[in-house]
Amino acid sequence: MEKMKTVFSGIQPSGNLTIGNYLGAMKNFSKFSEDYNTFYCVVDMHAITVRQVPAELRRRTYETLALYMAAGLDEKKNTLFVQSHVPQHAELGWILDCYTMFGELSRMTQFKDKSAKNAQNINAGLFTYPALMAADILLYQTDIVPVGIDQKQHLELARDVAIRFNQIYGDTFTVPDGYISPDTMKIMSLQEPTAKMSKSDPNPNGVVYILDSKDDIMRKFKRAVTDSGSEIRYSEDKPGVSNLMSIYSAFSGKSMEEIEREFDGKGYGDFKLAVGEACADGLSKIREEFAKLIADKAHLDEVMKCGAEAAFYHARKTMSKVRRKIGFVN
Ligand code: TRP
């Protein structure tokens, strides 16, 4: 029998997750559960590259785990865990720092964006963030990494680092492939449809959070910025309408052509209501599940503990190989 392939992905417990995070990555995670060995990690060590309030970081770590589960990841079929619970992430992170070039890290667009936004705290961790991400992935000999399109550059760096390490020391790491789902286009802000929907957007009306109430969701879609003209048509010169169509398509499963036909002759008002309904319906189950899960901390603690143990087992195996290859004394 062929060995089961491994899937790894991570989400930071910083800020509330948006429908962009959900549609771009999380929604895809559960489809790997049956046929792959899956690891889904709450990457709290990545989160501290930006200042966090300790109590909030702790709360959001639980919330992110609960969201994984609410979005359909069964803890018995997936390894769900917290990055800082498995010390090999930091250990391999340091090692990979030494195989990642300054020039490579300098080219990362996320680093450039984040350092522009945090000019008072451009710390070394923010800079080497992608090497830690590579460590996350390579520790588990990962084959496939489902991520949003914004992580493509980091993923390519992880591949380059794996290839470089393998060239120096012989086969050590599986070289991972990204999985960027074809139907998850980038979700843009509802208020400024040329900018990515971001959990740190200062304009709260532009962002729909996974845990928003139906009323909030409907209100935000009603206020969504559209374009001149009145047609519901997917095109580059209609960024507002096209973004709403992407969201509608992702939640309803309908194609762009079907949506254009459905709203032929109808106005923006009807269309925005329909998008809001589809989004609220799509999220309602997650919201209900989440409420149940977050109320039971003891269970979440247990899930974290089991997940960390399972992850530790695999991480330790890779680390002993890495230490030997590098020449660390056993
Ligand atoms: N950098 C990712 C993000 O911000 C989070 C992340 C950290 C990640 N480690 C990872 C994603 C490993 C996939 C695999 O979205």
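Biologist: What classes do the residues lining the largest cavity divide into?

Modeller: A cavity is found on a 1 Å grid over the protein atoms alone: it's a set of points where a 1.4 Å probe fits but cannot get out, and lining residues have an atom within 4 Å of a point. As for classes, Ala, Val, Leu, Ile, Met, Phe, Trp, Tyr, Cys and Pro count as nonpolar, Asp, Glu, Lys and Arg as charged, and the others, Gly among them, as polar. Here the lining splits into three nonpolar, two polar and one charged. They are Gln110, Phe111, Lys114, Leu126, Tyr129 and His154.

Modeller: A word on the source: this is a predicted model, where local features need pLDDT of at least 70 and side-chain atom pairs count only at pLDDT 80 or more, while totals for chains, interfaces and linings use all residues. Residues are numbered from 1 along each chain as its sequence is written, and side-chain values use heavy atoms, with hydrogens and water left out.

Biologist: How much space lies in the largest cavity?

Modeller: Grid points are joined across faces, edges and corners, and a volume is the space filled by probe spheres set on the points. For the largest cavity that gives about 40 Å³.

Biologist: And which element gives the largest share of that lining?

Modeller: Helices (H or I, at least four residues) and strands (E, at least two) are DSSP runs, numbered from the N terminus. Helix H6 gives three residues, the largest share of the cavity lining.

Biologist: Now pockets. Where does the ligand sit?

Modeller: A pocket is an open set of points with protein on both sides within 12 Å along at least five of seven lines, and a molecule sits in one if more than half of its atoms lie within 2 Å of its grid points. The ligand sits in the largest pocket, which holds about 1,300 Å³ of space and is lined by 48 residues.

Biologist: How many residues surround the ligand?

Modeller: A residue is near if one of its heavy atoms lies within 4 Å. There are 13, and Met133 and Asp136 are among the closest. H7 gives four of the shell residues, the largest share.
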